[in-house]
Amino acid sequence: MQIRGPGGTEAGADPLDAAQADRVRAVLALGGVPQDDLQDGLQQVRLRLLERRARGDDPPRDLGAWAAVVASNLAVDWHRAKHRQERVSERLSLLGTPDERVRDDTENSLQALAVAEGLDALPGAQRQVLILRYYADLSVPQIAEQLGIPLGTVKSRLYAAAKHLRDRLHVEETV
């Protein structure tokens, strides 16, 4: 006799199929989560889905999009916490490193750091839609549906976020 959980799924069965799990890992990785922590992030998404089922909430209409939104939230949270730690470590290492080595080693990473800082500087709502659109590859209508906001709001947040990043990166380039 098989034990069935809420929604008729087998207890212990993976709530995400392989393609959805791969998409979650990709969103986490693109959101800045290191390879070693991807499995933990995937487990967090699964846990949130199981908690949702346990509360008796209706299943998401598009499970893959829902999982991508949850993964993007986890990636943003992880990235924000780690980035703060990395900034402090990097500033401390720059204090003790000869100038030539700093120029050689950091020239390529400065742009990535500027983008990461730019993402951190965005308001949470703008950062979220930007990550969902360009990292999770969700369409604008999917983002609007998953976040429960109007289509125009998603578009305006995307526009504002992209403009902010462009302006910030251009200013940093010219300095």
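Predicted model: local features only at pLDDT ≥ 70, side-chain atom pairs only at ≥ 80, totals over all residues.

User: Which word describes how α5 and α6 lie to each other: parallel, antiparallel, perpendicular or oblique?

Analyst: Helix α5 covers residues 124-134 and helix α6 covers residues 140-147. Their axes come within 10 Å and cross at roughly 135°. An angle over 145 would be needed for roughly antiparallel, and 65 to 115 for roughly perpendicular. The two helices α5 and α6 are therefore oblique.

User: Is the crossing of α5 and α6 left-handed or right-handed, and how do the residues of the contact divide?

Analyst: As α5 passes α6, the crossing is right-handed. From α5 the contact uses Gln128, Val129, Leu132 and Arg133, and from α6 it uses Val140, Ile143 and Leu147. By class, the residues of the contact of α5 with α6 are five nonpolar, one polar and one charged.

User: How do α1 and α2 lie to each other, oblique or perpendicular?

Analyst: The axes of α1 and α2 come within 9 Å and cross at roughly 120°. The range for roughly perpendicular is 65 to 115. The pair α1 and α2 is therefore oblique.

User: Which residues make the contact of α1 and α2, and how do they divide by class?

Analyst: The crossing of α1 past α2 is right-handed. The α1 side consists of Ala21, Val24, Arg25, Leu28 and Ala29, and the α2 side of Leu38, Gln39, Gly41, Leu42, Val45 and Arg46. For the contact of α1 with α2 the division is seven nonpolar, two polar and two charged.

User: How many helices and strands does the chain have?

Analyst: Read from the N terminus on, the elements run α-α-α-α-α-α-α. The count is seven helices and zero strands.

User: What share of the contacts in the chain with a separation of 6 or more is between residues 24 or more positions apart, and what share of the residues is buried?

Analyst: Among contacts with a separation of 6 or more, residues 24 or more positions apart account for 65%. The chain has 175 residues, and the buried share of them is 32%.

User: What does Leu16 touch, beyond residues up to four places away in sequence?

Analyst: Setting aside residues up to four places away in sequence, Leu16 touches Ala21, Val24, Leu42, Val45, Arg46, Leu49, Leu63 and Ala67.

User: Does Ser72 count as buried or exposed, and how far is Ser72 from Leu28 in space?

Analyst: Ser72 lies in helix α3 (residues 63-95), and touches Val27, Ile131 and Leu132, not counting residues up to four places away in sequence. Its relative accessibility is 1%, so Ser72 counts as buried. Ser72 and Leu28 are 44 residues apart in sequence, while their C-alpha to C-alpha distance is 6.4 Å.

User: Is Gln20 buried or exposed?

Analyst: Gln20 is found in helix α1. Apart from neighbours within four places in sequence, Gln20 is in contact with Pro15, Leu63 and Gly64. The relative accessible area of Gln20 is 17%, and the cut-off is under 20%, so Gln20 is buried.

User: Where is Asp137 found, and is Asp137 buried or exposed?

Analyst: Asp137 is found in the loop between α5 and α6. Its phi is near 60°, a positive value in a residue other than glycine. With 57% relative accessibility, Asp137 counts as exposed.

User: What does Ser139 count as by accessibility, and how far apart in space are Ser139 and Ala65?

Analyst: The loop between α5 and α6 also holds Ser139. Because its relative accessibility is 28%, Ser139 counts as partly exposed. Ser139 and Ala65 are 74 residues apart in sequence, and their C-alpha to C-alpha distance is 9.5 Å.

Notes. Residues numbered from 1 in each chain as written. Heavy atoms only, no water. Axes fitted to C-alpha atoms, helices over the stretch in contact; angles between N-to-C directions. Helix = DSSP H or I, 4+ residues; strand = E, 2+ residues; numbered from the N terminus. Parallel < 35°, antiparallel > 145°, perpendicular 65-115°, else oblique. Left-handed = near helix turned anticlockwise from the far one by under 90°. Contact = heavy atoms within 4.5 Å. Nonpolar A, V, L, I, M, F, W, Y, C, P; charged D, E, K, R; others polar. Buried < 20%, exposed > 50% of the residue type's maximum accessible area, 1.4 Å probe, protein only.
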